[in-house]
Amino acid sequence: MEKSKGKTKSKTREYVESLIIAAIIAFFVRSFFLQAFRIPSSSMEPTLLIGDHLLVNRLSYVMKIPFTDKVIFNLGDPKKGDVIIFRYPVDPDKDFIKRVIATEGDTIAIKDKVIYINGKKTEDKWGHYSATVILPEHINPRDNFGPFKVPGNSYFVMGDNRDRSLDSRYWGVVSKDHLVGRALILYFSWNVKPDNILGYIRWLRIGNLIR
């Protein structure tokens, strides 16, 4: 009987130790390496859809002290075209996802939906436009903006769904301290339609790299 009790305690201890180790590993992975993120809005369509779940590489640009925005190491800089996750400058408790359009020192201007970087028209291969009406800048900066020079250690970002995105045109640039990481890969995608309460899995999107 004593041996049986000892074996039971030993198994319980092993189980608890395994859980603690798993929790520690998960903490370090979540804090320094990877983070899961769910797409809640249509601002990045058609690249990313509502219900997409993706992994974020937290070591793409900076390493931070866990649960803070204190940068320990600078590991690189976002490049034009990178899809990044960052702390929303208006409310840092929220994470946003957008695409980098201009970087430190660039001068960006938007004229009738056309993007110019340093005076040159850009090939906007990611931009999706649905609105046909052109809005003047004094009414709304959606279609006409700038020119604006991006300050140091900052990034001008926009959603791929240009006409339905709240981004740098409205609230300014993203500072390097607010970077979380680069969007890496879709690991799950769930589609919910108004006429289909249960929704369904978008199997063909799972495993797609985010570009």
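Reader: What share of the 211 residues of the chain counts as buried?

Author: The share is 37%. Buried means under 20% relative accessible area, exposed means over 50%, and partly exposed is in between (1.4 Å probe, protein chains only). This is a predicted model, in which local features need pLDDT of at least 70 and side-chain atom pairs count only at pLDDT 80 or more, while totals for chains, interfaces and linings use all residues. Residues are numbered from 1 along each chain as its sequence is written, and side-chain values use heavy atoms, with hydrogens and water left out.

Reader: How many helices and strands make up the secondary structure?

Author: There are 2 helices and 14 strands. They are DSSP runs, numbered from the N terminus: helices are H or I with at least four residues, strands are E with at least two.

Reader: What part of the contacts with a separation of 6 or more joins residues 24 or more positions apart?

Author: That part is 57%. Contact here means heavy atoms within 4.5 Å.

Reader: What makes a group of residues a nonpolar core?

Author: Its members must be buried Ala, Val, Leu, Ile, Met, Phe, Trp, Tyr or Cys, joined through side-chain atoms within 4.5 Å. The largest such core has 13 residues. Leu48, Leu54, Ile85 and Ile97 have the most contacts inside it. Two or more residues each come from β2 (52-57), β5 (83-88) and β13 (179-193). β13 gives the most, with 3 residues. Another core, of 12 residues, lies apart from it and includes Tyr61, Tyr88, Val157 and Val174. In soluble globular proteins, nonpolar side chains tend to be buried together.

Reader: Which residues are in contact with Leu54, beyond its neighbours within four places in sequence?

Author: Among them are Leu48, Ile85 and Ile97, as well as Phe37, Ala183 and Ile210.

Reader: How do you know which way the side chains of strand β1 point?

Author: They alternate along residues 34-38. Gln35 and Phe37 point to one face and are buried.

Reader: Why are β1 and β2 called paired?

Author: Two strands pair if DSSP finds at least two bridges between them. β1 and β2 have 5 bridges, in the antiparallel sense, so they meet the rule. Ala36 has Leu55 in β2 as its bridge partner.

Reader: Why is the link between Asp52 and Arg202 called a salt bridge?

Author: The rule asks for a side-chain nitrogen of Lys or Arg within 4 Å of a carboxyl oxygen of Asp or Glu. The closest N and O atoms of Asp52 and Arg202 are 3.5 Å apart, so the pair qualifies. Asp52 lies in β2 and Arg202 in the segment after β14 (196-201), so parts 150 residues apart in sequence are tied together. By this rule the count comes to 14 salt bridges.

Reader: Are Asp52 and Arg202 buried or exposed?

Author: Both count as buried, because Asp52 has 0% relative accessibility and Arg202 has 14%.

Reader: What else does the side chain of Asp52 meet?

Author: Asp52 also forms a salt bridge with Arg205, at 2.7 Å from N to O. Arg205 is buried too. A polar contact of 2.5 Å joins the side chains of Asp52 and Ser189. That term means a pair of N or O atoms within 3.5 Å; within protein, one must be able to donate a hydrogen and the other to accept it, and residues adjacent in sequence count only if both atoms are side-chain atoms.

Reader: Where do Asp106 and Lys80 lie?

Author: Asp106 lies in the loop between β6 (91-103) and β7 (107-111), and Lys80 in the loop between β4 (71-74) and β5. Their side chains meet in a salt bridge of 2.8 Å, N to O. Asp106 counts as buried at 8% relative accessibility. Lys80, at 44%, counts as partly exposed.

Reader: Which residues are linked in a network of salt bridges?

Author: Arg99, Asp124, Asp160 and Arg162 are linked in this way.

Reader: What makes Lys113 buried?

Author: Lys113 has 13% relative accessibility, so it counts as buried. The residue lies in the loop between β7 and β8 (114-117). The side chain of Lys113 makes a polar contact of 2.8 Å with the side chain of Asp143.
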